[in-house]
Amino acid sequence: MANFFKLKVTGKNIDLGPFFQKYNSKKLSSVFSKYSAKLISANTVLEKRNIFFKVKLNILIDNNIKFETLGRSKIATLALDKAIENISKRLRRHYRKIKNHRLLNDKINNVKKDLVSFHLNS
């Protein structure tokens with residue numbers, strides 16, 4: 001499965017190596033393939049604050065839905081993992097909300113059909 005999305009990884013006053021960029025791309029691809037979400041763009045900003053790394057992650061998925069999250073840790077990759085874990089939770093909750101909404105609409109439509117057929121048969 002080929003993922004085509006715009007990925008931007010930047011560092012504030014930090015020179016990012018190819019490892020962090022590949023790690024970011026791999027992690028994002030795995031999360032979005034898990035939830036079958038169509039990722040349009042992802043922007044990752046890594047900065048060092050005192051002894052902690054802070055990762056700010058901005059995600060845009062289909063239907064112009066935006067997610068933004070932060071991850072903090074003493075290790076840059078762990079900060080990214082925390083941010084991606086947060087995005088994963090938000091995606092899961094978003095798709096659960098959509099699924100529950102669809103199920104509710106289906107139940108309402110079934111009740112309406114039953115009422116119409118009951119009135120037509122009476």
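Colleague: Why is E47 called buried?
Modeller: In this predicted model, E47 has a relative accessible area of 11%.

Colleague: What makes K12 and E47 a salt bridge?
Modeller: A side-chain nitrogen of Lys or Arg has to lie within 4 Å of a carboxyl oxygen of Asp or Glu. For the side chains of K12 and E47 the N to O distance is 4.0 Å, so the pair meets that limit. This bridge links distant parts of the chain: K12 belongs to strand β1 (residues 6-12) and E47 to strand β2 (residues 39-49), 35 residues apart.

Colleague: And K12, is it buried, exposed or partly exposed?
Modeller: K12 has a relative accessible area of 47%. Partly exposed is what falls between the buried limit of 20% and the exposed limit of 50%, so K12 is partly exposed.

Colleague: How do you know that E47 also forms a salt bridge with R49?
Modeller: The closest N and O atoms of E47 and R49 are 3.1 Å apart, and the limit is 4 Å, so this pair counts as a salt bridge. Salt bridges with shared partners join K12, E47, R49 and K54 into one network. R49 itself is partly exposed, at 46% relative accessibility.

Colleague: How many salt bridges does the structure hold?
Modeller: The structure holds five.

Colleague: Let's turn to the rings. Why is the pair of F19 and Y23 called stacked?
Modeller: A search of the whole structure finds one aromatic pair. The ring centres of F19 and Y23 are 5.8 Å apart and the planes meet at 25°. Centres must lie within 6.5 Å to pair, and planes under 30 degrees apart count as stacked, so the pair is stacked. F19 and Y23 both lie in helix α1, four residues apart, which is about one turn of the helix.

Colleague: Which words describe F19 and Y23, buried or exposed?
Modeller: F19, at 56% relative accessibility, counts as exposed, since the limit is over 50%. Y23, at 17%, is buried, since the limit there is under 20%.

Colleague: What makes N13 and N50 worth a look?
Modeller: Most residues other than glycine have a negative phi. N13 is not a glycine, yet its phi is positive, about 60°, and N50, also not a glycine, has a positive phi of about 55°. N13 lies in the loop between β1 and α1, whereas N50 is found in the loop between β2 and β3 (52-61).

Colleague: Why are N13 and N50 called exposed?
Modeller: Exposed means over 50%. N13 reaches 84% and N50 75%, so each passes the limit.

Conventions
Residues are numbered from 1 along each chain as its sequence is written. This is a predicted model: local features need pLDDT of at least 70, side-chain atom pairs count only at pLDDT 80 or more; totals for chains, interfaces and linings use all residues. Side-chain values use heavy atoms; hydrogens and water are left out. Helices (H or I, at least four residues) and strands (E, at least two) are DSSP runs, numbered from the N terminus. Buried means under 20% relative accessible area, exposed over 50%, partly exposed in between (1.4 Å probe, protein chains only). Rings of Phe, Tyr and Trp (its six-membered ring) pair if their centres lie within 6.5 Å; planes under 30 degrees apart count as stacked, over 60 as edge-to-face and the rest as tilted.
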